[in-house]
Amino acid sequence: MRRDIVHPGAGKLKYEIREIVAFARSLSRWNIPIRWENIGDPVKKGEPIAQWIKDIVREKAGEDLSYAYSETEGAREAREFLSAQVNNRPKPAGCPDPVKIETDDILFFNGLGDAVAKVFGFLRREARVLGPSPAYSTLSSAEAAHSGYEHLTYRLDPNRDWMPDMEDVELKVKYNDSVAGLLLINPDNPTGAVYPLEILQEFVRIARTYGLFIVCDETYANIVYGGAKTAALSQVIDGVPGLALRSLSKEVPWPGARCGWVEVYNRHSDKRFDTYVRSLLDAKRLEVCSTSLPQLCIPAIIGDPRYPDHLIHRAAMFEKRAEEAAAAFTGIKGISLKKPRGALYATAVFDPGILDALIPRSLPVSDPSLAEYIREQTANVAPDKRFVYWLLASAGICVVPLSGFASDLPGFRFTLLEYDDEKRRQIYRAMGHAVKQYLN
Ligand SMILES: Cc1ncc(COP(=O)(O)O)c(C=O)c1O
């Protein structure tokens, strides 16, 4: 080729959550049935969709306009409904008034995956967004790909319930003037951390002090349990420019709808922020619009009097599973798991250095040729990925190595999603057992 056609960020697009699937599939030669604990799809893992939600969708699907394009920004009735919801969020004690938005401050996308690609893809190349480590890889990869460099990160501390190290955040902002924005995920994927008000206020203070905008991924805002208290970004952001990302995927749940939206806060507080937001809309306009049907269902589903109970019921369900996951790892030397307090995942972290020792580690597998294959495949991979491959080969359980989440900590993430209680408990027990065997 006479020109290099490769984008500088091309090598940065990593999504281990699905890449691990290709490896798991390669084990079919040995007839290993796989239990998928890698992908956050509640429906695939057996959760039934509430009948009243299906009835709403069925009724909407019976209307001709559900088959039409919607406005580029999204269906007006959905945006009016969602902006009213933002404007009705209460004021937390000790906070300034929550931000108020207009209908046009809601922009729909084909799932947050699409929103994230635009949010980072239309940022100026040199403008960096500092994000958490570990981090949900769609966000970290999109930021890295947009800049062409490694994603810039601040530390989430596993010894402090995965809270962000706010000193690290501030120092990285202060000494790197390319940082234009702060990214947080609350509740967090992969750690299950839920940030208290004070942490959120601290992010806002830093953003205000250094002239940054905030991106807060609130995919799991309505999946909080274990007594955790938090707030939406809109309730603490005051006058700072910001974006909150929300989706139908996990809370309805309806991941196949590919329906997510961005809430824009304080758009007019900064001219450059306003122009940037307009570029997100212009980019969407080239695609015409996002999927109409799920948007049209939003007022009826989220506005239904049964929806609050639906959320409470699901949060309680995940709380129970979080306890089971934590119990399965309690007392195992060499690994720790902080009980999640939000979202749909748990993350176990190996003690520092424990996997790096020169001891060749493995797990028992059914066939010597399989052991040989795993040894070959793990020769040059991160230590936590090595464990993950052996776990797959030995127990047929597919989890995601923490090194795939922009993290130096060795560990793995699994889901709280298996709907069959007995199967789920058995999976957690098998993982705990495998860790013990591996570290022995
Ligand atoms: C933190 C976070 N953000 C965004 C997404 C993407 O969600 P969507 O299905 O809306 O693309 C996910 C999906 O797992 C997620 O965990």
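This is a predicted model: local features need pLDDT of at least 70, side-chain atom pairs count only at pLDDT 80 or more; totals for chains, interfaces and linings use all residues.
The protein contains 14 helices and 14 strands. Its radius of gyration is 22 Å, close to the 22 Å that the globule rule gives for 440 residues, so the protein is as compact as a globular protein of that length. Which residues are the closest to the ligand? They are N189, D217, Y220, S249 and R258, and 14 residues surround the ligand in total. By class, the residues of this shell divide into five nonpolar, six polar and three charged. Helix α4, which runs over residues 111-121, gives the most to the shell, with three residues.

Polar atoms of several side chains can be followed to the ligand. A polar side-chain atom of Y220 lies 2.6 Å from an oxygen atom of the ligand. For S247, an N or O atom of the side chain is 2.8 Å from an oxygen atom of the ligand. In the case of T219, the ligand atom is a nitrogen, and an N or O atom of the T219 side chain is 3.2 Å from it. On its own the ligand has 400 Å² of accessible area, and the protein covers 94% of that area.

Strand β2 covers residues 106-109. In a regular strand the side chains alternate between the two faces of the sheet. In β2, I106 and F108 point one way, while L107 and F109 point the other way. Are these residues buried or exposed? All of them are buried. β2 pairs with strand β9 (residues 260-265) in the antiparallel sense, over four bridges. Within that pairing, I106 has E263 of β9 as its bridge partner.

Strands of a sheet pair through backbone hydrogen bonds, either parallel or antiparallel. Here four strands lie in the order β10-β11-β14-β13, and the pairing is antiparallel. Which strands stand at the edges? They are β10 (335-337) and β13 (400-401); each has a single partner strand, so one side of each is left without a neighbour in the sheet. β13 pairs with strand β14 (residues 411-415) over two bridges, in the antiparallel sense. In that pair, the bridge partner of V400 is R413 of β14.

Two single residues complete the tour. S83 belongs to helix α3, residues 76-87. Why does S83 count as buried? Its relative accessible area is 5%, and buried means under 20%. The side chain of S83 also has a polar atom that lies 3.1 Å from the backbone oxygen of E80.

G353 sits in the loop between β11 (345-350) and α12 (368-377). With a relative accessible area of 40%, G353 is partly exposed, because this value falls between the 20% limit for buried and the 50% limit for exposed. G353 and P383 are 30 residues apart along the chain, and their C-alpha atoms are separated by 9.8 Å.

Terms used
Residues are numbered from 1 along each chain as its sequence is written. Side-chain values use heavy atoms; hydrogens and water are left out. A residue is near a molecule or strand if one of its heavy atoms lies within 4 Å of it. A polar contact is a pair of N or O atoms within 3.5 Å; within protein, one must be able to donate a hydrogen and the other to accept it, and residues adjacent in sequence count only if both atoms are side-chain atoms. Accessible areas come from the Shrake-Rupley method with a 1.4 Å probe; for residues, only the protein chains shown count as cover. Ala, Val, Leu, Ile, Met, Phe, Trp, Tyr, Cys and Pro count as nonpolar, Asp, Glu, Lys and Arg as charged, and the others, Gly among them, as polar. Buried means under 20% relative accessible area, exposed over 50%, partly exposed in between (1.4 Å probe, protein chains only). Two strands pair if DSSP finds at least two bridges between them. The radius of gyration is taken over C-alpha atoms; the globule rule is 2.2 Å times the number of residues to the power 0.38.
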